[in-house]
Amino acid sequence: MIFLRLILVNLLRHKIRTFISIAGIAFSVAAMLTVVTVLEGAVGMFSSILSSGAEMIVFERNVSDLFFSDVPPNAKDDIARWPIVDHADPVLFGVVSSADHPIITCFGVTAKDSRIRNATWVSGSADQFDKGGTPVVLGERAAEFLEASTGKDVPIGHGTFHVIGVIRTRNGFEDGGVFIPLEAAQRFFHKEGSSVITIKLRNKEDAAAFKAQVHRQYPNLIALEDAEFSRSYSQFKILKATAWAVGGCGLALGGLGVANTMIMSVFTRIREIAILRVNGFANGQIVATIFGESAIVAIGGALAGLALGVITLYALKEVPALHGYVDVTIHPLLMLVVVMLALLTGIAGAVYPAAYAMRIKPVEALRFE
Amino acid sequence: MTTPAQTAANSVVISAADLWKSYDQGAIAVLNGVDLEARKGEAIALCGPSGCGKSTLLHLVGGLDEPSHGTVTVNGKQLGRGRDMVYFMRHEVGFIFQLHNLIPDLTMEENCLLPAIAAGMKRSAALSRLQELAERTGLEDRLKHRIQKLSGGERQRTAICRALMNRPGILLADEPTGSLDEKTSGAVFQLLLDLAHTEGVTLLMATHDRSIATACDRVLEMHDGRIRTEC
């Protein structure tokens with residue numbers, strides 16, 4: 001109990017300094033949690049676009065981005081006929097712009113595509129999709145920022161499209177995108193094939209056989225299961241690495257704050273440490289008080305940071321411009337990892353101060369009375 | 001013929017032989033060949049002008065510092081290599097300083113319990129021991145008081161309680177009454193002497209106060225890092 005008092009007394013003795021250290025860790029944890037969650041959410045959303053009604057994806061091997069992938073049209077027709085394939089849906093990804101909106105994701109799809117079939121139609125219907133002309137279906141948020149509605153014409157890129165419907169999906173990218181019939185999209189983007197083919201197999205256990213067959217017949221293409229794609233897609237890897245790197249830098253800064261606090265803490269109580277030593281405290285006991293202090297700062301900071309991070313995520317979710325893009329699902333494992341990292345950072349920050357404390361000689365510290 | 005009890009009482013507890021201590025690679029010589037023996041239960045006063053080496057001698061005997069040359073033997077074992085100094089500090093020696101060296105943010109009780117915590121003493125036993133010492137020092141109603149709330153005399157009595165918590169055989173006191181007024185100083189010293197006698201503790205005390213020193217069993221006069229005379 002007095003051991004704990006020794007730790008708390010020192011933290012309470014310099015309340016502002018303690019508060020700043022806890023705040024440093026809290027902001028670091030909040031930043032890491034927010035950045036990682038937002039980017040993981042974004043990756044998850046993009047993955048869900050691909051996995052909509054499908055469990056495999058076929059695209060051009062070795063492309064850095066799916067927007068650059070080019071799957072030949074005959075491949076889709078051929079693959080769709082394979083006995084193990086239930087259905088194959090080509091999707092052409094493109095980026096278009098309109099006035100005031102430099103980036104709008106465009107999905108070139110067929111009328112059979114699950115996005116068109118399974119979406120909630122706010123207005124219009126799927127009947128007119130793929131019936132020729134230049135129809136477009138808008139995601140609900142795209143309709144808002146393009147200020148367009150069903151029955152109107154809307155300028156997108158260098159063309160004008162007739163809005164045949166507005167759909168609502170649970171995916172921010174889809175809600176902010178536009179859907180064009182595949183053939184119209186191919187003309188618009190001057191492509192013959194598609195970016196990817198999403199595949200639903202009759203039997204999920206045929207995944208390996210399917211991949212092998214794609215590899216044999218289309219060496220320039222690659223087939224991956226959805227989870228496999230999420231893990232291996234270089235863009236996702238870069239995003240995730242960036243998120244962890246940014247968060248890690250934040251935590252490192254927080255750790256430096258703890259180190260600074262602990263160094264100051266040790267320097268300002270050299271005499272007190274000498275008194276403890278004279279009274280029989282072993283090095284381990286003195287070091288325990290210092291690590292105890294840093295652990296309390298780190299745990300306090302981590303808990304405050306978790307709360308701050310969750311509040312920030314919910315606040316971001318409510319920002320109209322980000323509507324649908326922020327997924328506030330925080331994985332317990334992520335929370336655990338962030339807390340553990342904060343704790344490790346705090347402990348790392350106390351290593352030098354603890355080593356310094358162990359070297360304090362009572363006779364020298366007590367001489368200056 | 002002496003009884004075992006008398007033999008024990010006459011046994012040498014502290015033995016310092018040819019102690020030298022210097023700093024800055026010999027540039028500053030503080031102790032220049034000190035020999036000292038203290039017997040169980042004996043109260044010894046170290047007198048002498050400032051800088052004569054009294055505090056340094058106490059530090060060497062208490063294991064807070066190492067001699068440049070010579071040996072310190074306590075309870076038959078030489079201090080230094082091979083000896084568990086943490087155990088020594090916890091159980092065999094207690095320190096009292098001129099400026100009491102208490103932790104100001106803790107209460108009197110918490111300060112006194114520090115040695116017991118360090119030694120892993122059971123809380124109930126530690127509290128019982130503290131109660132006994134607090135009663136003997138007249139501090140039983142000050143246990144929950146913070147150090148800032150205590151007078152100079154009370155602080156020094158707290159330091160005495162803390163030093164005796166783990167029942168050490170040796171008490172090293174460096175100017176224990178140096179910061180107190182004459183009246184308080186006399187009372188605190190008398191208390192220290194009484195406790196040392198009743199607890200059977202060997203007291204080695206550095207002091208400038210002649211009247212206090214003469215109340216001890218022996219007075220050693222130090223000059224220029226040597227013990228010059230014994231009264």
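Let me start with a question: how many bridges join β1(B) to β4(B)? There are 5 of them, and the two strands run antiparallel. Before going further, some housekeeping. This is a predicted model, where local features need pLDDT of at least 70 and side-chain atom pairs count only at pLDDT 80 or more, while totals for chains, interfaces and linings use all residues. Residues are numbered from 1 along each chain as its sequence is written, and chains are lettered from A and ligands numbered from 1 in the order in which they are written.

Back to that sheet. When I say strand, I mean a DSSP run of E with at least two residues, and a helix is a run of H or I with at least four, both numbered from the N terminus. Two strands pair if DSSP finds at least two bridges between them. In chain B, 4 strands make an open, antiparallel sheet in the order β2-β1-β4-β5. At its edges sit β2 (28-39) and β5 (77-78) of chain B, each of which pairs on one side only.

Now let's go across the sheet. Strand β1 (residues 12-23) of chain B is joined to β2(B) by 9 bridges, running antiparallel. Within that pairing, Trp20(B) has Asn32(B) in β2(B) as its bridge partner. The hairpin of β1(B) and β2(B) has 4 residues between the strands, and there Asp24(B) takes a positive phi near 50°. On the β4(B) side, Ser15(B) stands opposite Thr73(B). Then β4 (residues 69-74) of chain B connects to β5(B) through 2 bridges, again antiparallel, and Val74(B) has Lys77(B) in β5(B) as its bridge partner.

Let's zoom out to the whole of chain B. Its secondary structure comes to 8 helices and 10 strands. The C-alpha atoms fill a box of roughly 45 × 40 × 40 Å along the principal axes. Its radius of gyration, taken over C-alpha atoms, is 17 Å, which agrees with the value near 17 Å for a compact globule of 231 residues; the globule rule here is 2.2 Å times the number of residues to the power 0.38. Of those 231 residues, 49% count as buried, meaning that 20 or more other C-beta atoms lie within 10 Å of the residue's own, with the C-beta atoms placed from the backbone; 12 or fewer would be exposed, and in between is partly exposed.

Chain A is divided into domain 1 (2-46 + 236-367) and domain 2 (62-219), with bounds that come from an automatic or database domain assignment. The C-alpha centres of the two domains lie 46 Å apart.

Where do the chains meet? A contact means that two residues have their C-beta atoms, placed from the backbone, within 7 Å. The contact between the chains takes 18 residues from chain A and 22 residues from chain B. On the chain A side, α1 (2-13), α11 (270-278) and α14 (362-367) are the elements that give two or more residues, and α1(A) gives the largest share, 5 residues.

One residue I'd like you to find is Arg90(B), in helix α3 (residues 85-92) of chain B. Buried or exposed? Arg90(B) counts as buried, because it has 23 C-beta neighbours inside 10 Å. Leaving out residues up to four places away in sequence, Arg90(B) touches Gly280(A), Pro115(B), Ala118(B), Ala119(B) and Asn166(B).

Last stop, the interior. A nonpolar core is a set of buried Ala, Val, Leu, Ile, Met, Phe, Trp, Tyr and Cys residues joined through C-beta atoms within 7 Å. The largest one has 106 residues, and Ile44(B), Leu46(B) and Leu204(B) have the most contacts inside it. Its largest share, 10 residues, comes from helix α2 (residues 15-50) of chain A. A second, separate core of 53 residues includes Val58(A), Ile79(A), Leu182(A) and Leu221(A).
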